[in-house]
Amino acid sequence: MTDAQRFRDLYEECHPRVLAYAASLVGRQVGEDITSETFTVAWRRMRDIPTPPLPWLLGVARNLTRELRRRDGRQYNLAAQEAQRVITSGAQVEDVAAGVTERAVALQALAGLSDADRELLTLVAWHGLGPREAARVLGCSSATFAVRLHRARRRLERAVDAVGPSPDLDPSPSPSPGPGPSPEPGLAPRPRAPRANVTVKET
């Protein structure tokens with residue numbers, strides 16, 4: 001297989017996921033530029049790309065994003081704000097929201113996390129990487145990634161607890177009346193939001 005054929009297959013397989021990752025960091029518009037640059041690097045270094053290629057490509061995209069931050073902090077800050085709006089609007093965080101609690105609560109909690117915590121959680125839950133692959137993207141050991149992910153999950157749990165249940169939740173059904181005095185109005189306990197559950201699978 002020629003390099004051109006390999007590149008075409010690589011592009012078709014990985015472009016949507018690289019774009020989704022870049023957009024999660026710097027928004028769709030700048031993310032498209034980062035993605036284009038990432039595949040330019042890939043074309044020049046086709047023989048250096050390991051298998052599987054996705055962690056390598058995401059690592060390149062991450063490095064290009066960091067270069068943008070060093071080169072033009074203002075553009076990066078504006079792009080990062082746009083990325084946060086995209087994420088917390090719920091357009092691309094289904095996997096993170098699933099199993100946490102009601103969608104609006106999950107998104108509000110996610111919005112309160114740091115960029116680093118959101119990236120850790122979405123690499124695994126959104127982009128579908130295993131811990132070893134995600135560690136390669138971030139340029140750290142698997143053990144370091146596991147510690148960081150554990151801490152990010154705990155912070156997400158606390159953020160969910162702090163947000164609490166949405167006011168739109170239907171009230172829990174009242175228990176059937178029985179012997180003894182009825183509870184006074186307004187004293188029913190408020191339901192507690194379930195804790196976050198971002199599943200991590202070893203690969």
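Student: Why is Arg155 called partly exposed?

Tutor: This is a predicted model, and Arg155 has a relative accessible area of 35% there. Buried needs under 20% and exposed needs over 50%. The value for Arg155 falls in between, so Arg155 is partly exposed.

Student: What makes the contact of Arg155 with Asp117 a salt bridge?

Tutor: The closest N and O atoms are 2.6 Å apart. The cut-off is within 4 Å, so the pair qualifies. Arg155 sits in helix α8 (residues 142-163) and Asp117 in helix α6 (residues 115-125). The pair links distant parts of the chain, 38 residues apart.

Student: Is Asp117 buried or exposed, and how do you know?

Tutor: Asp117 has a relative accessible area of 5%. That is under 20%, so Asp117 is buried.

Student: Why is the pair of Arg6 and Asp3 called a salt bridge?

Tutor: Their side chains meet at 3.7 Å, N to O. That is within 4 Å, so the pair counts. Both belong to helix α1 (residues 3-44), three residues apart, which puts about one helical turn between them.

Student: What makes Asp3, Arg6 and Arg47 a network?

Tutor: Salt bridges link them. Asp3 pairs with Arg6 and also with Arg47, where the closest N and O atoms are 3.5 Å apart. Asp3 lies in helix α1 and Arg47 in the loop between α1 and α2 (54-71), so this pair ties together parts 44 residues apart in sequence.

Student: How do you know whether Arg47 is buried or exposed?

Tutor: Its relative accessibility is 70%. Asp3, at 26%, counts as partly exposed.

Technical notes. Residues numbered from 1 in each chain as written. Predicted model: local features only at pLDDT ≥ 70, side-chain atom pairs only at ≥ 80, totals over all residues. Heavy atoms only, no water. Helix = DSSP H or I, 4+ residues; strand = E, 2+ residues; numbered from the N terminus. Buried < 20%, exposed > 50% of the residue type's maximum accessible area, 1.4 Å probe, protein only.
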